Amino acid sequence: MFYLRGCGRWVAASFTKQQFPLVRLSSDSAAPRTPHFDVIVIGGGHAGTEAATAAARCGSRTLLLTHRVDTIGQMSCNPSFGGIGKGHLMREVDALDGLCSRICDQSGVHYKVLNRRKGPAVWGLRAQIDRKLYKQNMQKEILNTPLLTVQEGAVEDLILTEPEPEHTGKCRVSGVVLVDGSTVYAESVILTTGTFLRGMIVIGLEMHPAGRLGDQPSIGLAQTLEKLGFVVGRLKTGTPPRIAKDSINFSILNKQTPDNPSVPFSFTNETVWIKPEDQLPCYLTYTNPRVDEIVLNNLHLNSHVKETTRGPRYCPSIESKVLRFPNRLHQVWLEPEGMDSDLIYPQGLSMTLPTELQEKMITCIRGLEKAKVIQPGYGVQYDYLDPRQITPSLETHLVQRLFFAGQINGTTGYEEAAAQTESCPVARLECSDMISQVQAILLPQPSVAGTAGMHHNTQGVIAGINASLRVSRKPPFVVSRTEGYIGVLIDDLTTLGTSEPYRMFTSRVEFRLSLRPDNADIRLTLRGYKDAGCVSQQRYERACWMKSSLEEGISVLKSIEFSSSKWKNLIPEVSISTSRSLPVRALDVLKYEEVDMDSLAKAVPEPLKKYTKCRELAERLKIEATYESVLFHQLQEIKGVQQDEALQLPKDIDYLTIRDVSLSHEVREKLHFSRPQTIGAASRIPGVTPAAIINLLRFVKTTQQRQAAMNESPKTDQCLRNADRLQERQL
């Protein structure tokens, strides 16, 4: 057993803030015993909370270590969840019994389904969230999760031991060292450190080391990971200023109202907590040439933009947008931060200019001429680890039983550094002393922090499940590209890596007609219950009922056939051609845009009426009918991909030295670094040629045949020995 670094101070706190050492007493001795858990999760952001609760649901005794218990569940930069692509991930996390969807249904202030003009396969569920409500509801859930212990503490180092011989890796993690030198042991450890790995906050030319304002970055842990041989990169992101709501002229802006009825995120909820008429609107405005002028004239005062560190491509700062897309108007969405919050979040105006220039820019925008900046925008730079160093289960190649989840893997989002409550005395801050003033004014109040984005919740759930399965020595729970957006996200990261913050889009998904938000429970809940044990009995039974009801409903719809003229008489609004000679199924009629299950049930009450009693079932039958013809062909394509994924590559293969397969030196290096687990994953690595894949395929088949022959040989030898003994007894 060995540590890689020295240690410092640590504080343990209960939920009531009573100080006590994190020790347990044995039954026969008064001497303290070093605590031991099945799983330790480092970091209490979105990824950390999902990972900790997932591990606990799987039956593992879990410890969640966070800098401050009172910041668990606090929202990220953008007070919203979901969107195009991300809404799919939310549904899939919920299908695995994750938290975020249920909490969003209890905490939203504006619910909207994006992309409605396109088909339901690419609809994006999205909600503006009340920061305070989300925090309250999340903490209530976390602090009442069985088998989950939450403690305050900062991790300085990892405890490493000899590796398990049957697994790859140079060593095995067996616990963590806290900053005062205390140790906590565990069978698996999950890192969800967000932007804390050597985090740096930037405003103008000012730079300040911090994971977020008021919290020190994780320097020691970053150094430990580097010494272990992990490839470390650097990313950056940013946040917009916050604006006083009463200083905005909403009357001249475009108003965006919520959906009626609101669509809940969770499969377990029929509706959200708030009526549509009680929800808050959002407003739209635009930048103008004056904004471009301020940005271009002050680039010398913005070190964040000049840095070579890669920032987000799909959610860039206003400075980056002006430089990349000159002479364009850019959208600015004015979004509420809560039911009783006086702050507005201007989405699309992430910036790191000095504070006085931020104020000047804001007042150039329509509707914001008299706006007051309550908190300036700022940038964050942080370390991340090349995600090609982890497996699809999110366990690292180098260190056994060590898992990474969240921004540490290069996905988008970051931890917000400081928050404003309903009233804040900050009205104007000068750039030169901005950081110290913000800390002095804001730190006594609870800071709003949490790892942002559905990418992190997604990874947290998978890491928590697999860390628990690793403890019980069960096979990993891996979602493939053919099973979910989760699989696409993780496969992209582990095979392609990323040089900029990764963001999920529907365009990244090959089989998006099959991987829809509406059917995530059918795809993943049943697997989560049987293979991972992370799904409750109640949710499993509901998914089984929905699956059987859909199958039954589709079968009934296929069995009902009338002539096209009769369908026209029964449903006059349907635009069906009456010249069709063959009978038309009810399922085909349901494909027409103007037809739904209610109109079909009115035309044919028996046996269709019962399928309209559940609104969700009726809507899902409509979606199934819409995609019926194209899904057949896509399922054939999925089977072909699954055949490639079924061809497993040996885990202990040494690509640099193996002689049984013809590979170029470049291909060997790429395979050695990424260590794909299947032929399918290897084929998606850039630079791995089709010829190399064919050679690998031959190698795999030859290896399988050789192994099968070896397995058969002992059986043959045993049969011969048994026959000899039988002859001896007969003699």
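Which residues does valine 176 touch, not counting residues up to four places away in sequence? This is a predicted model, in which local features need pLDDT of at least 70 and side-chain atom pairs count only at pLDDT 80 or more, while totals for chains, interfaces and linings use all residues. Residues are numbered from 1 along each chain as its sequence is written, and side-chain values use heavy atoms, with hydrogens and water left out.

**View 1. Surroundings of valine 176.** Valine 176 touches (heavy atoms within 4.5 Å) Ile40, Ile42, Leu65, Val155, Asp157, Leu158, Ile159, Ser182, Thr183, Val184 and Val189, with residues up to four places away in sequence not counted.

**View 2. Nonpolar cores.** A second, separate core of 27 residues includes Met546, Ile554, Ile560 and Ala601.

**View 3. A four-stranded open sheet.** The strands (DSSP E runs of at least two residues, numbered from the N terminus) follow the order S14-S13-S22-S15 with antiparallel pairing, where pairing requires at least two DSSP bridges between two strands. Strands S14 (206–209) and S15 (232–239) lie at the edges, each pairing on one side only. Eight bridges join S15 to the antiparallel strand S22 (residues 378–385), and lysine 236 stands opposite glutamine 381 in S22.

**View 4. Helix H13 and the residue after it.** Among the buried residues of helix H13 (residues 520–532) are Leu524, Leu526 and Ala532, together with Asp521, Arg523 and Arg527; helices are DSSP H or I runs of at least four residues.

Technical notes: Core = buried A, V, L, I, M, F, W, Y, C linked by side-chain atoms within 4.5 Å. Buried < 20%, exposed > 50% of the residue type's maximum accessible area, 1.4 Å probe, protein only.
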